[in-house]
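Please read the following note alongside the sequence and the coordinates.

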Amino acid sequence: MFQAIPSGSGVACEHWDDELPLSCQQPGEQIPRFNRISLPLYDADTPEKRERLLDCLSRTDFVVLSSDRLIGSIPRLPTRYPMTTRYYDALLDGSLGFEQVAEFVSPPTLGTRVFDDSSAEEAFSVYDHPRVRIFSKTSGWNRDAARKRLSGGVDWAHVDMRPARMIGQGVASTALTDEQRKAFRMGGTWSSRLDAAKGLFNRDSFANRFPLLVWVLMIECSAWMFFPIMFRLFRGFPDRGWLAARLAAPVLMTYPVWLAARSGLFYAAPGVLRGLFAAGLLAAATAYAVSGPLRGALRAKWRLLLFEALLYWGVFTVFLLLRFSNPDLWHPYFGGEKPMDFAFLNAVLRSPFYPPYNPWCAGEYINYYYMGFVQCSVWIKLTGVIPSVAYNLILPTLAAQTACAVFCSGGLLLNGLTSRKGEGSGGIQFSRAVYWIGGLAALFLAVFSGNLYEWTLLLREQVTDWDWFWAASRAIFTPEGEVPPITEFPFFTFLYGDLHAHMLDMPLFLLNALLAIALLRGAGDRRWLSALAALNLGMMYTVNAWDFPAGLLLLVWAFFFSLHDTPARRFFYTALYGVGMACAAYLLFLPFHLDLQSGYNAFQWWKGPRTGAWDFVLIFGVLLLTPALLFIRWAVHSRRSGMDVLHHPMFPLWIGFFLLSAGMVAGVEFLVLEGDIGRMNTVFKFYIQAWLLLAVFAGACAGMLCRRAVWKSRTGQLVSALCLLAVLASLFYAWRAVPARARCRFEGAERLTLDGQAFMEYAVYQRDHHAYALKDDYDAIRHLQEAVSGTPVLVEAQLPEYSWGGRYSIHTGLPSILGWSWHQRQQHAGQPDWIVPARARDVAEIYNTLSLPRALELMQKYEAEYLVVGPAERAAYAANGLAKFEQTNASWSVWYRNPGVTIYHGRDGVPSRPEPTADSLW
């Protein structure tokens, strides 16, 4: 290069590689000086990068490839580097205006044999003996021609910017096939008045005039339907499986419906579900009629069964009143993510097959843990209650299930599987009252108590209603700039009302705990218990995968201590059992796993700030008080305090509950899910599991402390006083948060109702200096529900998350081109990152372009039939762009109009929706 390249020449090298020539100047020697230019070839392929590259090449006389580092890697990612790949092709074939003038290679040799190791790893091909090539500019260089050569055919909007490792994974698309889109368009009519055979709901039906009564009857009938089965599996429980039936019923009803609908055997229609439900009730009545032991158990245990039923409906009533106080399914500041949950629920309800279509990404399916919504859809289709009311009945139902599962678990940890006085094991005598005390303590701690962070708000000068119910869910101190982890607990979850995966899975997670208890004590046939456990585990994964590892570990732990064999054989059989349960749980829901394209599959070390000791006390202090007091009493009065509990058959699960919860709380200090926002969701998902397990453990400890022998001593009285004080302290959150949450509504919200859409009748929304009433949107939504056949695609404003954008897809379930952008990017994690932004640009162009044909062309791209122009669209898009929609022709017309909203219908190029036939089912 010093000999052949004139001084002052422009010499371009590639960044992230050696810049040649290297200095080799000898004393007194004069060497040429070059103008060095760095080519930014690893930068993302954009039009801006193309122009920077052309600027560099215009000033360049010689291009130097000092190794094959870039040219050997970049062309292997043509979807990420389409332009740069073209650059290398043009450089090598001379069409760019450069020709190769020199090449230097030094391959390894052995005698006379030369080895070509150009494809070897970088240690050889880049660092040890790289190939060096020099290209000289020719008279054929032309900037305009080079621009055309580099960017010809490049779709800049669809450049795949994912990391190389994600592109290499070959993540499958979540797009629906043509047959699937056709099936979804045909099915899912909302109103039964419009389509009596396939319609989902009738606002004037008995179910919607008395929704609460119909809902309660459905839940009770479900429990009675599966009680004969649970009686066989949990016959050693004090209630003979009565509460377990309430937890298992949703699992046993949902699985066959999902499996049949996923495999295309039948539509998941209300009529089919009600027929299956009636057949199940008939089977349950027959089982009761021919089962003498079942009738005997009912006669002997009717008081306990009645108490547990009243407990269930008592908790249901408490949380139902909370829903009455704030039933709204949206608020611009305090609404949370209920719109997303409601949109997914409506999409699942409309979907005749699974996986359900994505209401916020038309033409694709929901790439998320949707099984919890399938469970809710079974309840809704059985009753016929409209979704906006059913949503506010689902929440108290889940709360009641969670509460009763905790009650049963806490009581069973105390006295095994007996309830009569004096039947305790290991030398400890328990009474029925202690069983109830332990269960009720666990119930209270799990479902009604809050953390102690609420007390710190008294030290603030100003506290808003938002702070009173929200601040406790962010109780970990984080430095400025860090995202605070979520520290939710069940009462906050049910009060806030987002129908998220962790709420939907709480009853399943606690049913898993009951199954672990039954396995440890041999409450029923181990094979059938394990079969139900595998089904429940598989369901847990598809509802909320975060709960799966803890659920599996708890079952394996219980199985190990249920064995009576040599240690080596116990470990072998336990390992075999754990692997078998995991495989069975996976295979039972194999179609779901084949559909799911998850972009978050790995954990990484957490290097950020950790939780302080005081934060731990504020979060878990109430739950750890009774265990700490019990341990202190054992340490001080070991002989009189009942240390023989170590020999109690349930003691292994005492330890298992505590160790598992402690492990999860400690683990999030060191590990975080890759792709998480800080460690926000990692802490959240594991803390709420730990809360439930610690509540059961603490409730059992409270039962131990409340034995009569403890009450008689002065120390016992002090312990009781401390426990009572802790109870009152944990109630402080509910005392301040409940009324604060009730006040966080739209102005004028005084009507008591369970209809989550009723707020639109009076609410006024302000955004970007625009204020408009939601009443017109409400009327238009009602009209869409009652007048649209099937499930066509619609176009509406695409606005920032948590705003009023996407409201028609949310409240009707009709798919739109794009809903909340961030949440759709999460569902497309691992897929090309241009997918979601491209949809946002298309929606904006549909509304802003002055050309109606261009707008219709984009609508046809997504097979959209309806377009909404309402207050949100007029505030977000150009007025002259919206004016074009008033043009009418054979393929475009006004379909609905009220004072504030116009809905247009376009038919040209949109596939028709014929009546479904046997040949059209996939």
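1. Does A347 count as buried or exposed? In this predicted model, A347 has a relative accessibility of 0% and therefore counts as buried, since the cut-off for that class is under 20%.

2. The position of A347 in the fold should be noted next. A347 belongs to helix α12, which covers residues 338–350. Leaving aside residues up to four places away in sequence, A347 is in contact with P356, Y357, P359, I366 and G813.

3. A distance may also be recorded for A347. Between A347 and S106, which are 241 residues apart along the chain, the C-alpha atoms are separated by 63 Å.

4. Rolling a probe the size of a water molecule over the atoms shows where empty space is left. Seven cavities of 30 Å³ or more are found in the structure, and the largest cavity contains about 70 Å³ of space.

5. Which residues line the largest cavity? The lining consists of I219, S222, A223, R246, A249, P250, M253, Y312, W379 and Q401. Two elements, α8 (211–233) and α9 (242–263), each give two or more residues to this lining. Of the elements, α9 gives the most, with four residues.

6. Seven of the residues lining the largest cavity are nonpolar, two are polar and one is charged.

How values were computed:
Residues numbered from 1 in each chain as written. Predicted model: local features only at pLDDT ≥ 70, side-chain atom pairs only at ≥ 80, totals over all residues. Heavy atoms only, no water. 1 Å grid on protein atoms, 1.4 Å probe; cavity = no way out; pocket = protein on both sides within 12 Å on 5 of 7 lines; lining within 4 Å. Points joined across faces, edges and corners; volume = space filled by probe spheres on them. Nonpolar A, V, L, I, M, F, W, Y, C, P; charged D, E, K, R; others polar. Buried < 20%, exposed > 50% of the residue type's maximum accessible area, 1.4 Å probe, protein only. Contact = heavy atoms within 4.5 Å.
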